[in-house]
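This report concerns the salt bridges of the model shown below and the places of their partners in the chain.

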Amino acid sequence: MKESRIKIKELLKTVPASQEVIVKGWVRTKRGNKNVAFIALNDGSSINNIQVVVDVAAFDEALLKKITTGACLKVSGLLVPSQGSGQPVEIQAQTIEIYGTADPDSYPLQKKGHTLEFLRDIAHLRPRTNTFGAVLRIRHAMAYAIHKYFNDKGFVYLHTPLITGSDAEGAGAMFQVTTLDIENPPRTADGKIDYTQDFFGKSCNLTVSGQLEGELGAMALSEIYTFGPTFRAENSNTPRHLAEFWMVEPEMAFYEIEENMDLAEDFLKYLIRYALEYCADDLAFLNKMYDNELIDRLKFVVENEFIRLDYTEGIDILMKSGHKFEFPVSWGLDLQSEHERYLVEQHFKKPVILTNYPKEIKAFYMKQNDDGKTVRAMDVLFPKIGEIIGGSQREEDYDKLAARIEELGIPDKDMWWYLDTRRFGTAPHSGFGLGFERLLLFVTGMGNIRDVIPFPRTPKNAEF
Ligand code: 4AD
Ligand code: MG
């Protein structure tokens, strides 16, 4: 008979009837005395460990010595109600096999209580800590919930390309993708690099957003979303910026800005509710260890309506606030996180959706308002985060869009296919982008975006 392993998460839910079980996992701690040893074993299925009770006399001393923090074990034994407090069940070990030892003198996680900064330098091992186990399980749950939300609503998951021949979106500086010899690239007669000889026959980059291609999908399938990595080559060393981050971008035909806002609010509340329901143990751990207002804050956002406000009114509030900002406030300012957080945390004390921004500080594709000054942009601003979502109604009018493209000097060669949607069966439509790691910052309460993605990509950092 094939022996089957039980995950620790399942074991902890099992009402023991003295059955034999097999568990496999990594040692978190070992303690005890000369008669009995207690091993806390974790396999990543839960924040909680299973306690393995070892009758020292029944085991080889050399084997027991090798069981130290970080070692990987297979344990078979009897599942019984726990004698001690702190866990419902425990295993009385019958056999122990060591898959891999972890030398206590060199294993970096031998001791507890490392700082998050230290753990960033050992990103290859940090998934084995309670904190990163919790964060990574929540990350998974949120990714799943995103797909479930849109699938249940009949949206089509559209895979937009990561390599793009257009750099028109303007959402940020781009990483070039090339197979040319950068030491000695081919050149045209006038000395420029000859991209016709490059892999794609033109200069290409990693995408900053899937939106433009998403719009092509929405103009056929009505409601689509993309969810994938995006890349920005800005030198932003902040706790909220990554050079490689994941973005969720729904795009909907026939939605005006109000419906776009309704969707964004409903979507965020759904995700947070999902986390509260399905990630309760991990959230309780993070709430206890890092941020004892975390769960209250999550519940608060789910239970309250977001404030909807014009950019112009927002600027008014900031100017009248008497608060001293690093970046002085006036109409036309591209709001910094200090301004966004003032509105959300000090003034309204609720999430805010800010709309109708000056067109100069927003992308070319946003629908122009009749005032000639503003566009139908919407940013969702969250406590502790600032901007979590950026989106807009799109300009569906060919002439207005083409005029804006020309005004901004965006090359026609990049835009013809995008403009075609406005030539053939154009429709009102809207969409937005949710920064997945910004969502995770909010849901986990972690303070630095480097700690909510397994292997962060930031300036001067791509070791793991
Ligand atoms: O506001 P952004 O730049 O909007 C777009 O890219 C649009 N094309 C979205 C759309 O309408 N489909 O980015 C959207 C969100 C931001 O609100 C923020 O949450 C996140 O992406 N974001 C980042 N997250 C981590 N690191 C960065 N460098 C980010 N830049 C933006
Ligand atoms: Mg934005």
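Arg 394 and Glu 251 are both buried. In this predicted model, their side chains meet in a salt bridge, with an N to O distance of 2.8 Å. The pair links distant parts of the chain, 143 residues apart: Glu 251 belongs to strand S11 (residues 244–253), while Arg 394 sits in the loop between strand S15 (386–393) and helix H11 (398–407).

A second pair is formed by Arg 120 and Asp 451, whose side chains meet in a salt bridge at 2.8 Å, N to O. Because Arg 120 lies in helix H3 (residues 116–121) and Asp 451 in the segment after helix H13 (436–444), this pair ties together parts that are 331 residues apart in sequence. Asp 451 is buried, its relative accessible area being 1%.

A further salt bridge joins the side chains of Glu 265 and Lys 269, again with 2.8 Å from N to O. Both residues lie in helix H6 (residues 257–278), 4 residues apart, or about one turn of the helix. Glu 265 and Lys 269 are both buried. Salt bridges that share partners join Glu 215, Glu 251, Arg 394 and Arg 422 into one network.

| Salt bridge | Distance, N to O |
|---|---|
| Arg 394 and Glu 251 | 2.8 Å |
| Arg 120 and Asp 451 | 2.8 Å |
| Glu 265 and Lys 269 | 2.8 Å |

How many salt bridges are there by this rule? The count comes to 24 salt bridges.

Definitions and conventions:
Residues numbered from 1 in each chain as written. Chains lettered and ligands numbered in written order. Predicted model: local features only at pLDDT ≥ 70, side-chain atom pairs only at ≥ 80, totals over all residues. Heavy atoms only, no water. Salt bridge = Lys/Arg side-chain N within 4 Å of Asp/Glu carboxyl O. Helix = DSSP H or I, 4+ residues; strand = E, 2+ residues; numbered from the N terminus. Buried < 20%, exposed > 50% of the residue type's maximum accessible area, 1.4 Å probe, protein only.
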